[in-house]
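Hi,

Here is the structure I promised you.

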Amino acid sequence: MRQLIFAFCIGLFPFAANAVEPDEMLTDPVLEQRAREISKDLRCVVCQNQDIDSSNAGVARDLRLLVRERLVVGDSDAEVIEYIRARYGDYVLLKPPLEPATYALWFAPIAFVLIGVFVGGGVLMSRRKQEAFEDLGAEDENTVSEILRQNEAGDAS
Amino acid sequence: MKRLIAGLPFIAAVIFGGFFLWGLNPDRDPNEIPSVLISQPAPAFDLDPVPGLETPGLARSDLVGNERPVVVNVFASWCVPCRAEHAVLTRFVERDGMRLFGINYKDKPEDAVKWLNDLGNPYERIGSDLSGRTGIEWGLSGVPETFIVDSDGTVLFRYVGPVVGPDAVERFTQALKQAGALPNGAGS
């Protein structure tokens, strides 16, 4: 019974599809962990919106093996990524680098927020100014109450 | 100030409208992957011949120092579009005098031999890339892919996918002509 409940509980957790196959993994857990982290930042060039860590495509597998190979040789994480980037270009990076061509990408959100604050602030400020004119002068106040009084009298008759 | 704010929706509409117009362009291929290899030296590689085939293997040095730019085609017998492309490439070789080299990508040698025996072999040299490592050096995303390499080893053009159909053949022919990969007067 206990085992059944345990099996049921496991069934409740949808495990992420794991593309990394046992024969690819490195025996060194530290290196393997680094390989996994690097793989998550690299785009699969066939499936395009998936990282190579979770892709089952053949090229993704080759790239995973390559990442591990470079790590075993002694490359740093940055060197491994640079190695693949040299062959596949910036496109292979899931996080685009900050460079002149991507300034619009990185700074447009900030620019939009600033524009929003500027415009929104401007509109609110102009509203507040109008409120300052709401008080009528004593003369106008008298005229208005006179008209209202006359109207009320008219309604009553 | 008021005018500026009043004009903002219009400016926003123009900017976003421009983006939409750009996105609607039927000639734009959102799946296109920019290649880093164009105008770059071809990667270093040295591949053994396909066992069982008389065609010699392929190395980077074979692409350099030729009279005209040459074409490198990555193919495999398991790749269905390659079969259609094979006829087109063969015609370029036989009719127009294009020089064609092949990289046999992740293919069983016996399958490759059978495939070439069935369809004919237009390749001057074929390197067997069993591991797919040379494919990565070329920035390959799939098979087939076709490259035009200048005689100094610079990659001039890359075509992703099969060169099949009038549009693709036209594009490829233009690229061959621009590169000067065809003997004078050919390809017209």
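Chain B is more spread out than a compact globule, because its radius of gyration is 21 Å, well over the 16 Å that the globule rule gives for 188 residues (taken over C-alpha atoms; the rule is 2.2 Å times the number of residues to the power 0.38). Its C-alpha atoms fill a box of roughly 80 × 40 × 30 Å along the principal axes.

Before you read on: this is a predicted model, where local features need pLDDT of at least 70 and side-chain atom pairs pLDDT 80 or more, while totals for chains, interfaces and linings use all residues. Residues are numbered from 1 along each chain as its sequence is written, chains are lettered from A and ligands numbered from 1 in the order written, and side-chain values use heavy atoms, without hydrogens and water.

Of the 188 residues in chain B, 46% are buried (under 20% relative accessible area, 1.4 Å probe, protein chains only). Among chain B contacts (heavy atoms within 4.5 Å) between residues at least 6 apart in sequence, 73% join residues at least 24 apart.

Residues from both chains, including A:Tyr88, B:Trp138 and B:Arg158, line the largest cavity (on a 1 Å grid over the protein atoms alone, points where a 1.4 Å probe fits but cannot get out; lining residues have an atom within 4 Å of a point).

Cheers

How values were computed
1 Å grid on protein atoms, 1.4 Å probe; cavity = no way out; pocket = protein on both sides within 12 Å on 5 of 7 lines; lining within 4 Å. Buried < 20%, exposed > 50% of the residue type's maximum accessible area, 1.4 Å probe, protein only.
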